[in-house]
Amino acid sequence: MIRKLPEDLLAHAAETGTLSKEAEAMLGDWSRQAKEASYSPYSKFRVGAALLAKSGNVWLGCNVENASYGGCICAERTAFVKAVSEGDRRFHAIAITSDTPKPISPCGMCRQFMVEFGKDLLVLQFSADLAQVSSNRLRDLLPDSFGPEDLDVEAPQ
């Protein structure tokens with residue numbers, strides 16, 4: 001199910017490049033809802049993500065584990081794959097939460113994966129109760145990253 005950010009909150013994000021507290025809270029809540037679908041029978045470490053596309057669509061993702069471990073996919077990548085497979089390729093922000101008392105940060109693989117869609121992505125990292133949030137731009141979480149601009153091709157849109 002796709003969520004939609006209200007038009008006024010989307011307009012604020014487009015005009016300022018930031019999210020209002022209300023939009024942040026909505027994304028945090030949606031990431032917590034996404035976490036409930038987590039399939040994590042091995043680690044028991046549930047993660048949820050809510051990805052805000054510039055279209056206003058909000059794509060939810062959860063981590064999905066696999067007995068081979070290497071076949072696992074993180075919540076952030078799940079949300080991106082769902083969005084991209086449905087035609088959204090430009091994004092404002094992603095919210096992430098787990099069951100930990102402090103906010104968690106995306107793993108290195110997810111950081112690299114997200115760079116493909118823009119280093120200015122706002123990454124909101126929430127504690128389990130959503131009371132704590134850490135806000136960073138992806139470029140600050142993965143400095144000197146390798147992305148589409150490093151190839152001799154025009155970056156896809």
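1. A pocket here is an open set of points on a 1 Å grid over the protein atoms alone, with protein on both sides within 12 Å along at least five of seven lines, and its lining residues have an atom within 4 Å of a point. The second largest pocket is lined by residues including Phe 45, Asn 63, Cys 74, Ile 104 and Pro 106. By type, its lining divides into seven nonpolar, three polar and two charged residues.

2. A word on the basis: this is a predicted model, where local features need pLDDT of at least 70, side-chain atom pairs count only at pLDDT 80 or more, and totals for chains, interfaces and linings use all residues. Numbering starts from 1 along each chain as its sequence is written, and side-chain values use heavy atoms, leaving out hydrogens and water.

3. Have a look at helix α1, residues 7–16, where Leu 9, Leu 10 and Ala 13 are buried (under 20% relative accessible area with a 1.4 Å probe, protein chains only; exposed is over 50%). Seen down the axis of α1, these buried residues fall within an arc of 100 degrees, so they line one face of the helix. The face turned away from them carries the exposed Glu 7, Asp 8, Ala 14 and Glu 15.

4. After α1 comes Gly 17, with a positive phi near 75 degrees.

5. Next, the sheet: six strands form an open sheet in the order β1-β3-β2-β4-β5-β6, with mixed pairing (strands pair if DSSP finds at least two bridges between them). β1 and β6 stand at the edges with a single partner strand each, so one side of each has no neighbour in the sheet.

6. Strands β5 and β6 run antiparallel, joined by five bridges. Val 123 has Asn 136 in β6 as its bridge partner.

Note on methods:
Helix = DSSP H or I, 4+ residues; strand = E, 2+ residues; numbered from the N terminus. Arc of directions from axis to C-beta. 1 Å grid on protein atoms, 1.4 Å probe; cavity = no way out; pocket = protein on both sides within 12 Å on 5 of 7 lines; lining within 4 Å. Nonpolar A, V, L, I, M, F, W, Y, C, P; charged D, E, K, R; others polar.
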